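Q: I have a model open and want to learn to read it. Where do I start?

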Amino acid sequence: VKSFLLINMFLEVAWCLHAIDVENPSETSIEGLSSKQRSLFEQLYYFLVVLSNYQKEGRSTTVLSSRVCTITAEMWCLFKKSKYSSTKLKNLGYLPQLEYVQKFWKLCEQQLNISDDTEDEDANEEYIEDTNRDAVMIAAAKLLLADTVSKDYLGPEIVSHYVSHGASTTEIIKHLITALKKNANSDIAALFFEALRRVYERYMAYLREGENQNLIAKSYSECQDLANRLAGYYVGAVRIKNKSEILKIIQCGVQFAFVDLPKQLSFLEAALVPFVSKLPSSDIPDILTDVQKRAQDIDMNEDPSAWRPYLTFVEHLREKHARNEVFHEEKEEKPVKRRGRPRKPRDEPVRNLFDGNKSSDEESVSDSDQRGHGGDDDDEDDAFDQPLINTFRPSASKLRSLKGVSQQGTSSQRKAPTASGSNS
């Protein structure tokens, strides 16, 4: 019932906004719409807090929570402040405070985790949870793509769930990242690093609690998987073009890992190794020097297990530098070289299959043998250079030749398999 009431309130607000005269709105219509807008926001913000507490208590609020998240996102987009700033409806423009954006995402995040934390025997219930999870993720992504809220907070929070909730959520976030990369104003390096930091901090929170070892292992694995997935965006020539982004992610990551030593050193191994592999060897010494300099005055023997990720990371850097990779081949595209022996010149005249002087069995089979032994590579090369119809003609001629041979005498029929067998 509450879900339908919120939907009706939203539809009424949307209809009033649609019906208002934008060029010459009356004071009455603006005040009426503003009143409806305030009333709906009050209800939505109330539920953002209440529903989060209900779910902590184990009470099921999946449907209502999903409605609150999606309607809140739609309202923020509908009354985006920049949309009305230069119109007579500028008083209707709305920019949500960070406090409400955080409450919004907290409720969204709870919906994402529902299907992971529960095992429903009812297939319909599981379908509803999956659908609601996708709905809230799309609503959150829409806020970023519409520039309705700041990307600094919500962007990394969304991307940090890239590999955590199944294929459909992964696909939604994948399209979001693709769209953000096309925006020249997007700081992709900061987005990726902050996402890695958020997922790592979730792992550290589970580690401090120390109650559920399976959850600790899962969260650490998610950090590694996210790092591999994000590093996968830098392949081929892209890693040369966007090398500065990779370096920025590594530099920020190293700085973060050395805060409150040695507690966060595992971030080096869990999140940065995949990005190091995307750099040429010439960039490794500077990173290695920076990392070693940060640890030069510290006695690692006091807590050897805590420093193990640091030593592993340093060893990885040394191995990477020893391989001496330069990626020259990726700076520009080169024509593909033809493999195999060079193509043979074809100076001999074309033979007529039905020429009386060339109709002996031996010559026909010999010709087919020559094509079978010496012309396979050439025929394959020609097949790529000719129109499709031309590739059928040599095969048709060869077939007619072999057919003519098989219609001669018994001795000729015995010779053909022997000759063709020599092809194999």
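The turns below cover the core, the salt bridges and one record annotation.

A: Keep in mind that this is a predicted model.

Q: What is the general idea behind a nonpolar core?

A: In soluble globular proteins, nonpolar side chains tend to be buried together. Here the largest nonpolar core has 97 residues. L230, F258 and F275 have the most contacts inside this core.

Q: Which helix gives the most to this core?

A: Helix 9, residues 188-209, with eleven residues.

Q: Where does the core lie relative to domain 1 and domain 2?

A: Between them, because both domains give residues to this core. Domain 1 covers 1-114 + 127-149, and domain 2 covers 191-328.

Q: Which residues is L230 in contact with, leaving aside its neighbours within four places in sequence?

A: V159, Y162, I177, F192, L196 and F275.

Q: Now the charged side chains. What is the general idea?

A: Side chains of opposite charge can pair when their charged atoms come close. A search of the whole structure finds 15 salt bridges.

Q: How do I read the pair E12 and K36?

A: Take the distance, then the location. The closest N and O atoms of this salt bridge are 4.0 Å apart. E12 lies in helix 1 (residues 2-19) and K36 in helix 2 (residues 27-56), so the pair ties together parts that are 24 residues apart in sequence.

Q: Are E12 and K36 buried, partly exposed or exposed?

A: E12 is partly exposed, with a relative accessible area of 42%. K36 is partly exposed too, at 29%.

Q: Where do R294 and D290 lie?

A: In helix 14 (residues 284-294), four residues apart, about one turn of the helix. R294 is partly exposed at 33%, and D290 is partly exposed at 29%.

Q: Which residues are linked in a network of salt bridges?

A: E157, E194, R197, R198 and E201.

Q: Last, the record. What does the UniProt annotation say about residues 1-19?

A: An unreviewed UniProt entry annotates residues 1-19 as "signal peptide". In the model, this span is 95% helix and 0% strand. Its end C-alpha atoms lie 27 Å apart.

Definitions and conventions
Residues numbered from 1 in each chain as written. Predicted model: local features only at pLDDT ≥ 70, side-chain atom pairs only at ≥ 80, totals over all residues. Heavy atoms only, no water. UniProt positions renumbered as here; feature names shortened; annotations may be inferred. Helix = DSSP H or I, 4+ residues; strand = E, 2+ residues; numbered from the N terminus. Core = buried A, V, L, I, M, F, W, Y, C linked by side-chain atoms within 4.5 Å. Buried < 20%, exposed > 50% of the residue type's maximum accessible area, 1.4 Å probe, protein only. Domains from an automatic or database assignment. Contact = heavy atoms within 4.5 Å. Salt bridge = Lys/Arg side-chain N within 4 Å of Asp/Glu carboxyl O.
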